[in-house]
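Open the model in your viewer and keep the selection tool at hand. This tour goes stop by stop.

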Amino acid sequence: MGVLMKQIDAGRMSMIAILLASFQLISCQDATNPLTSENRSASVLRATDVTVPLRSDATENGSSGDMPAYYDGKLFTINFKELPPQGEKAVLAHNKSINVIYMSDNGLPNDQPFISVIDAIQGDGFNPLWREVQITFNNGFTPRQLVSDTEIEDAASGAHPEIALTVTDEVYRCSVIGPKK
């Protein structure tokens, strides 16, 4: 009986180690504190000011998953990877405190990318799991770069909203690496 208990305890310890390692992989590390006084000034960039290098051998793992994203008018670098379909379903079914990342797959005029907008960073209700909400510009409105969740909410409201928002079932693991340099 004592040997069996030791095996069960070893099995529990292994499971705990695996769970802790999993949480560590999806946890967010803030390389810099984006809320320090030297970083509080909001600088708004045009989409044309940002280039996102693409490598043919790149995967979404590691730094090749890095991309720019706006938060409250300031450009940050995030590391971004979609969860597998079963993970997305599980997160959507059981996690009620998921953050939002706004994207527009249609992009901007002149083949410019729409830079994603996030609704939280560390210190502001941040969760490393984000659900995608697609932005579509309504007829009569020229697509433009939006730079905050407040601006997006304003553009989606009123009698004649500028944009339509579509909540997707896509869930991403995102780390905010820090302000875009």
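Start with D169: is it buried or exposed? D169 is exposed, because its relative accessibility is 54% and the cut-off for that class is over 50%. Bear in mind that you are looking at a predicted model.

R131 counts as partly exposed, at 23% relative accessibility.

Now select R144, E151 and E162. Salt bridges link these residues in a network. Show the side chains of E151 and R144, which meet at 2.9 Å, N to O. Then turn to R144 and E162, whose salt bridge spans 2.7 Å, N to O. R144 sits in the loop between β5 and α3 (149-155) and E162 in the loop between α3 and β6, so this pair ties together parts 18 residues apart in sequence. E162 is buried, with a relative accessible area of 12%. R144 is partly exposed at 34%, and E151 is partly exposed at 23%.

Move to strand β2, residues 74-82. Seven of its nine residues are buried, so the rest of the structure largely encloses β2.

Select its partners in turn. Strand β1 (residues 66-71) runs antiparallel to β2, joined by six bridges. Look for Y70 opposite L75. Between these two strands lie two residues, and D72 in this hairpin takes a positive phi near 50°.

Finish with β6, residues 163-179. Strands β2 and β6 pair in the antiparallel sense over seven bridges. Here F76 stands opposite P179.

Terms used: Residues numbered from 1 in each chain as written. Predicted model: local features only at pLDDT ≥ 70, side-chain atom pairs only at ≥ 80, totals over all residues. Heavy atoms only, no water. Buried < 20%, exposed > 50% of the residue type's maximum accessible area, 1.4 Å probe, protein only. Helix = DSSP H or I, 4+ residues; strand = E, 2+ residues; numbered from the N terminus. Pairing = 2+ DSSP bridges. Salt bridge = Lys/Arg side-chain N within 4 Å of Asp/Glu carboxyl O.
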